[in-house]
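Please look over the sequence and the model shown here.

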Amino acid sequence: MKKVLFAASECVPFVKTGGLADVVGALPKEFNKEYWDIRVVLPNYTCIPPYFRDKFEYVTNFNMACGPYIGEKYVGIMKYEYEGITYYFIDNLEYFECFYPYSDTRYDMEKFTFFDKAVLSMLPVIDFKPDIIHCHDWQTGLIPVYLKNEFQANPFFWGIKSIMTIHNLKFQGIWDIKTLQGLSGLDPSLFTPDKLEFNKAGNMLKGGLVYADYITTVSESYAQEIQTPYYGEGLDGLLSSRHFDMQGIVNGIDYISYDPNTDMRLYKNYNVTNFRKLKKVNKERLQQDMDLTVDTGKYMIGLVSRLTDQKGLDLINYCIEGIVDENTQLVVIGTGEGRYENMFRHYAWKYPDRVSANICYSDDLARKLYGAADAFLMPSRFEPCGLTQMISFRYGTVPIVRETGGLKDTVEPYNEYEHTGDGFSFKNYNGDELLNIVNYSKFVYFTKKAEWNKMVERGMQKDFSWKNSQNKYENLYNYLIGEQF
């Protein structure tokens, strides 16, 4: 039996703020339990719903020393079996009593330094020795560092490999060296430019990338992009030097949950054989609910996103007047930076029959929009993987994307001469290019409806379930475990 431990700061269904939680929740379930024992460890946040927390079993507790700034602290271990996977929860009310899993960077670095050391300290106590610890994002960055340094004094930890997965390189866990050393208790010799030092500060993710046995990220193109200065967030040199130990593996989506044929949140269910007739019922009902002009002949563009710079919203701001012509409707769902929230509110006020700004996050509403929209807009500045375009395909909604990261890897641009492709894409980060491709998509939608429907059909037949990704992770785990023996 091969053993893997996933360590992360969030995981569906317990706590979720982004796509990281979906990956950590979905991937372990895909492995054959005859050969793989995959477990997950998370912080025991008090914001995990009582429905789950009340069922957690107490396993044990111990005291653990971190650096001088943290000192000796209580570590409780809770356990819960869910859908065939064993989850462990690191318990400490001082750090994990919260309404939301993250706060300011300095405090987050303290609680995740504590968490990282507790994850390793827990293993001999619960008598679980994984072959691999699979660490996700900067919050788990110190696990490979502790594993290869302080914990090597204990033979129990010999031979354990670690993988570091980058979900978004923008977030790294950076604070001054003195503080990070005081929190972690790591030897001062580790805070050098080839290890944890970064622009004269300490960097938790960098530590993980230096000490992990292997690095993955969430799409092949993003793995290439982050080795360049434009996307590398200051770590492109380190990532280039490790490119032989790195690969991109595209995330999947849950094909049972996201299924237009059975999704109870849709006004009308449909599938690849009957979407031509039934999908527009969803559009009509959403137009009614959003107080837009009720007309299934209109071209409806959806946007479900965090409203931040990363998502290319400055490009939309540049050309939105051109996008929302009298034949087009734009429905936006999301929260984020005030200027973008207000931008969409302004255009919803200016064009109430064409623009609907829903400044909230609602999974229920998002699914209704996937079912109703003709196209989905994702003009991202960078996009490590992106799940929205995969969900769009599933619901027969054509993605319009910028060719970056996972968007480039998953969307095949429409080619009118070869009758191929399943979406529209533009290359340069430029508002005029965005407007051009949106206008081209309208041209195809209004004048070549049969071609458009073929494109929808190709998208609905694509397979972005977790099967493909699981297979690649399994090969990677076997490769790392094989090196051990």
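Gly334 sits in the loop between β14 and α12 (338-350). In this numbering, helices (H or I, at least four residues) and strands (E, at least two) are DSSP runs, counted from the N terminus. The model is predicted: local features need pLDDT of at least 70, side-chain atom pairs count only at pLDDT 80 or more, and totals for chains, interfaces and linings use all residues. Residues are numbered from 1 along each chain as its sequence is written, and side-chain values use heavy atoms, with hydrogens and water left out.

Is Gly334 buried or exposed? Gly334 counts as buried, because its relative accessibility is 1%. Buried means under 20% relative accessible area, exposed means over 50%, and partly exposed is in between (1.4 Å probe, protein chains only). Which residues is Gly334 in contact with, leaving aside its neighbours within four places in sequence? They are Ser305, Leu307, Asn358, Ile359 and Cys360, where contact means heavy atoms within 4.5 Å. Val304 is 30 residues from Gly334 in sequence, yet their C-alpha atoms are 5.8 Å apart in space.

Helix α13 takes in residues 363-372, and eight of its ten residues are buried. They are Leu365, Ala366, Arg367, Lys368, Leu369, Tyr370, Gly371 and Ala372.

Strand β3 (residues 57-65) pairs with strand β4 (residues 72-82) in the antiparallel sense, over eight bridges. Two strands pair if DSSP finds at least two bridges between them. Strands of a sheet pair through backbone hydrogen bonds, either parallel or antiparallel. Within this pair, Glu57 stands opposite Lys79 in β4. The two strands form a hairpin with six residues between them, and Gly71 in the turn has a positive phi of about 75°.

β4 also pairs with strand β5 (residues 85-91), again in the antiparallel sense and over seven bridges. Here Ile77 has Ile90 in β5 as its bridge partner. The hairpin of β4 and β5 has two residues between the strands. Glu83 lies in that loop between β4 and β5, and its phi is positive, at about 50°, although Glu83 is not a glycine. Most residues other than glycine have a negative phi, and most peptide bonds are trans. Glu83 is partly exposed, because its relative accessible area is 48%.

Asp137 is another residue other than glycine with a positive phi, near 65°. Asp137 is found in the loop between β6 (132-136) and α5 (142-148). With 10% relative accessibility, Asp137 counts as buried. In the loop between β1 (2-7) and α1 (19-26) is Pro13. The peptide bond from Val12 to Pro13 is cis, with omega near 5°.

A further sheet is open and has three strands, in the order β8-β10-β9, with antiparallel pairing. β8 (174-176) and β9 (197-198) stand at the edges with a single partner strand each, so one side of each has no neighbour in the sheet. β9 and strand β10 (residues 201-203) run antiparallel and are joined by two bridges. Phe198 stands opposite Ala201 in β10.

The last paragraph turns to the chain as a whole. It has 18 helices and 18 strands. The radius of gyration of the chain is 24 Å, close to the 23 Å that the globule rule gives for 485 residues, so the chain is as compact as a globular protein of that length. This radius is taken over C-alpha atoms, and the globule rule is 2.2 Å times the number of residues to the power 0.38. The C-alpha trace spans about 70 × 45 × 40 Å along its principal axes. Of the 485 residues, 59% count as buried. Among contacts in the chain with a separation of 6 or more, 73% are between residues 24 or more positions apart.
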